[in-house]
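Please walk me through this structure. Start with its salt bridges, then turn to a ligand site.

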Amino acid sequence: MSEQKNVLEIRDVAVHFGGNGGLFGKSGAVVKAVNGVTLDIVRGETVALVGESGCGKSTLSNTIVGLQQPVAGSVKIGGEEVVGADRKKLNDIRRKVQMIFQDPALSLDPRSTIGATIGEPLIVRGVAKGKALKERVGALLAQVGLRPEHADRYPHQFSGGQRQRVVIARALALEPDLVICDEPVSALDVSVRAQILNLLVALQKRTGVSYLFVSHDLGVVRHICDRVVVMYLGRFVEIADRDTFFANPKHPYTKALMSAVPEADPEVQRSKERLILGGELPSPANIPSGCAFHTRCPLATEICGRERPELTVRDDGARVACHHA
Amino acid sequence: MEVSPSPLLTVDSLTIDIAGAHVVDDVSFTVAPGRVMALVGESGCGKSLTSYAMLGLLPPAAKRTGGRIMLENTDLACLTERQFRKARGKDISIIFQEPSASLDPLSTVGTQIAEAFRAHHGGSKAEAFEKARQMLVDVGIPDPNRRLHQYPFELSGGMCQRIMISIALICGPRVLVADEPTTALDVTIQAQILDLMKKLVAERGTAIVLITHDMGVVADIADDVAVMYAGRMAEIAPVHALFREPKHPYTALLLASVPKLDHAPKADLATIEGMVPTPSEFGVGCRFHDRCPLSTDKCRSEAPPLFDCGDGHRSACWHIDRMAEIRAVAA
Ligand SMILES: Nc1ncnc2c1ncn2[C@@H]1O[C@H](COP(=O)(O)OP(=O)(O)OP(=O)(O)O)[C@@H](O)[C@H]1O
Ligand SMILES: Nc1ncnc2c1ncn2[C@@H]1O[C@H](COP(=O)(O)OP(=O)(O)OP(=O)(O)O)[C@@H](O)[C@H]1O
Ligand SMILES: [Mg+2]
Ligand SMILES: [Mg+2]
């Protein structure tokens, strides 16, 4: 495989918080939010990142776009190293990668009209100005199901889902090579969500953009992603192609996740057996020895508390970190 | 037919205006103690404004211009700000849609939960912190002692959402308004939060208004479902009836846009053609008419009332008898 085919190359990335006696490090505990992960994304590919709340998905996303410094590892976008890059270099790299943040309230400037917000990257990169800019912004708004005349409104004048669509429009404005989407559609109703997913797929077919798609919605993941990565307490525990993943999930955590997906049918949903995870929820400041999942795992044996399983390749190509799966 | 207990919460003909347009228009529903009412509908249809009105938290641009919101015999809409402050948290409380916008970035999450408790129950700080700690256990946040002393930015999105949930629940409200409470949570933790809500409903008779886009969540926990479109009530029904036999074209098309398990990956998903009208474009007719496969001249010129179809099922459509055609389109 040639180097250029990989839009994103992550190698052994680790991100820790606290423990340095800083202002908020009072408790002294080091939180190992991301704990050595490796992943490539090729051009035109969509990779889903799923996992328990707090397992490190947003931290990894922030690290990829250079908003968070890792303590170890390398992140390359289009072959360019992000880690340790100076401001100018980062600026160049950011032309190729965009991020849709988890919480739209945090990523929109309350004092700018949304037209200005969406237009800003176009102006900064010299893509358009004047009348052409206005038209381009209007077209972007229409693509996400909003209206050109909404350009003069401020973020607070929109509903939550409308704000999220503004964030999406801005991320797509420059037709980037890679978009990191952190829960991009969870604030949207199913019909608008379908419209946005169709847009993301159409854009991918046209421009070959790649997506890293953080989502809790396995229905959406199944629809839009080519590959699925499951994260648990800072590490990847399962990586597989979509069809393999959904036909034959292997890691016990993945299975628990699948069994908890609520089905849009009250009859089915209320009679369903759920795989309930027992045990204490472990803290990322005090990750269990061996396999981090062993404290809650139905398959756990003595070796699991002692030895951390590495990701190993299975017959169908899936890679799984489990002694027993 | 079961006799439903008298409602704890009654929203009666609620109308909210922004810039002269009815962004919430004549919306009515009731919730009995121990029941869960799901409020669903297109992004921007007025779900959050409806819920803010229940707590006296409408943004300055929005005005309630009609209707009542009754908590038993008290009209919430007539409370003064001071009376509202007394009611909020204890009688009625809200989990906001965007946690980061509603948590104080400069105060630890433990302090925020404890203050919510002390606002109604007084008592010592230590006692309130112990309550807060227990709350974090209930919402599934590991290592609560450490978490209590952290600031919102040190927590993940889903943890912040669970802090919001803790603040809303700490005083044991009789009515809980939950605006997208689980969007940032993975399905296993979401299931845990839904179980917690079910427990409140079963053990304390809490009445819940749950705003959500997740039809799986609706299917799991709701007793009744109210579907809004462009500020109006489109359909309201017991949950099984709504899923089995929707009686409003919008509901049927909405249910059809949920990705099916046998849907080819990346193939176009069903959407509803066209766009929701903006408040300035609301005409005199049915607000869904220009996107509706069943629409006729009558739909353009006259707004349908909410027809009673029996068994608690009501729909605002002139063509309820033609719903079979929609099911054909949607399939
Ligand atoms: N402060 C405001 N000023 C002007 N318009 C507003 C304001 N707040 C809300 N709106 C408009 O009122 C309508 C209803 O908004 P609301 O937030 O209730 O929608 P929602 O149903 O909660 O949507 P979502 O599912 O996207 O959260 C929207 O069209 C929105 O643009
Ligand atoms: N700035 C920070 N300071 C200290 N700890 C942090 C910081 N940011 C994140 N963490 C911690 O790192 C861990 C991973 O958080 P992250 O936000 O990456 O989770 P996530 O997988 O995105 O979760 P969610 O699905 O809830 O959004 C959590 O334990 C969190 O508390
Ligand atoms: Mg996150
Ligand atoms: Mg809302």
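**Salt bridges and a shared site**

Over all chains, a search of the whole structure finds 33 salt bridges. A salt bridge here is a side-chain nitrogen of Lys or Arg within 4 Å of a carboxyl oxygen of Asp or Glu. This is a predicted model, where local features need pLDDT of at least 70, side-chain atom pairs count only at pLDDT 80 or more, and totals for chains, interfaces and linings use all residues. Residues are numbered from 1 along each chain as its sequence is written, chains are lettered from A and ligands numbered from 1 in the order in which they are written, and side-chain values use heavy atoms, leaving out hydrogens and water.

Look at chain B. B:Lys198 and B:Asp195 meet in a salt bridge (3.7 Å, N to O). They sit 3 residues apart in helix α8 (residues 187-204) of chain B, so about one helical turn separates them. Helices are DSSP runs (H or I, at least four residues), numbered from the N terminus. B:Lys198 also forms a salt bridge with B:Asp220, with the closest N and O atoms 3.0 Å apart. B:Asp220 lies in helix α9 (residues 215-221) of chain B and B:Lys198 in helix α8 of chain B, so this pair ties together parts 22 residues apart in sequence.

Now turn to ligand 2. Residues from chains A and B surround ligand 2, so the site is shared between chains. The count is 22 residues, each with a heavy atom within 4 Å of the ligand. An oxygen atom of ligand 2 is 2.5 Å from a side-chain N or O atom of A:Thr59. For B:Arg147, the corresponding distance from a ligand 2 oxygen atom to a side-chain N or O atom is 2.8 Å.

Note on methods: Polar contact = N/O pair within 3.5 Å; in protein donor to acceptor, adjacent residues only side chain to side chain. Helix = DSSP H or I, 4+ residues; strand = E, 2+ residues; numbered from the N terminus.
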